[in-house]
Amino acid sequence: ASGLTAVQLRPEPPVDITGHVEAEAAPGAKLSRVQLSLDNSYSVDAGGIPIAVQEDGSFVIKNVPAAMYRVTPRYTMNGYLKAVRFGNVDVTDAPIDLSRGTAAGELVLTLGVNGGRIRGLVTDEKGVGAAGSTIALLPVDRSSDPQRARDASKLTFPDLQGRFGFT
């Protein structure tokens with residue numbers, strides 16, 4: 001009814017991604033406890049594609065659909081996702097491009113430790129702890145990718161004395 005004829009859709013095939021997790025200053029850590037996922041704009045709320053990390057840090061993600069992805073940390077053993085490399089390209093702050101149905105090489109995820117800690121006290125105008133507050137930690141550089149900025153943001157709530165912390 002639209003007048004289009006002979007339209008062909010050629011979806012790219014899914015790819016398998018191999019890689020490993022490196023944990024700085026954590027020899028002997030049980031890397032299988034790390035919880036990471038591949039996310040794109042369609043999978044963020046659904047939890048993405050889980051990355052099943054083995055004890056030695058290696059992983060294989062099978063049949064990943066062609067799309068643009070980011071690695072989302074779910075649990076990093078009190079560390080943080082410091083760097084993401086795909087082949088020879090640093091994609092820490094950029095998407096992993098699988099849109100052409102090919103993997104550019106091994107996916108290497110580096111976990112950092114001692115990422116820092118922020119502690120504080122929220123008080124009202126009388127100097128009394130403000131327990132009903134919400135404290136937001138936002139990235140300085142708000143990326144053009146709103147999902148990445150959202151992932152980098154943190155919220156916390158103070159205790160009854162107004163104390164709060166981010167780790």
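This report describes the nonpolar cores, strand pairing and selected residues of a predicted model.

## Nonpolar cores

The largest nonpolar core has 25 residues. Among these, the residues that touch the most other members are Ile17, Leu38, Ile51, Val71, Ile96, Leu107 and Leu109. Two or more residues of this core come from each of the following elements: E1, strand E2 (35–39), strand E4 (58–64), strand E5 (68–75), strand E6 (80–86) and strand E9 (107–112).

With neighbours within four places in sequence set aside, leucine 107 contacts Ile17, Thr18, Gly19, His20, Phe59, Val71, Val84, Arg85, Phe86 and Ile96.

## Strand pairing around E5

E5 pairs with E2 in an antiparallel arrangement through five bridges. Within this pairing, glutamine 35 has tyrosine 75 of E5 as its bridge partner.

E5 is also joined to strand E8 (residues 96–97), again antiparallel, by two bridges. Here tyrosine 69 is bridged to isoleucine 96 in E8. Isoleucine 96 is also listed among the core residues that touch the most other members, and it is a contact of leucine 107.

## Asparagine 63 in strand E4

Asparagine 63 belongs to strand E4. Its phi is positive, at about 55°, although the residue is not a glycine. Most residues other than glycine have a negative phi. Asparagine 63 is classed as exposed because its relative accessible area is 54%, above the 50% cut-off for that class.

Glycine 129 is located in the loop between strand E10 (118–121) and strand E11 (135–137). Its relative accessibility of 25% makes it partly exposed.

Beyond residues up to four places away in sequence, glycine 129 touches Val122, Thr123, Leu160, Gln161 and Gly162. The C-alpha atoms of glycine 129 and arginine 163 are 7.4 Å apart, although the two residues are separated by 34 residues along the chain.

Leucine 4 is found in the segment before strand E1 (15–23). Leucine 4 counts as exposed because its relative accessible area is 66%, which is over 50%.

Key: Residues are numbered from 1 along each chain as its sequence is written. This is a predicted model: local features need pLDDT of at least 70, side-chain atom pairs count only at pLDDT 80 or more; totals for chains, interfaces and linings use all residues. Side-chain values use heavy atoms; hydrogens and water are left out. Helices (H or I, at least four residues) and strands (E, at least two) are DSSP runs, numbered from the N terminus. Buried means under 20% relative accessible area, exposed over 50%, partly exposed in between (1.4 Å probe, protein chains only). A nonpolar core is a set of buried Ala, Val, Leu, Ile, Met, Phe, Trp, Tyr and Cys residues joined through side-chain atoms within 4.5 Å. Contact means heavy atoms within 4.5 Å. Two strands pair if DSSP finds at least two bridges between them.
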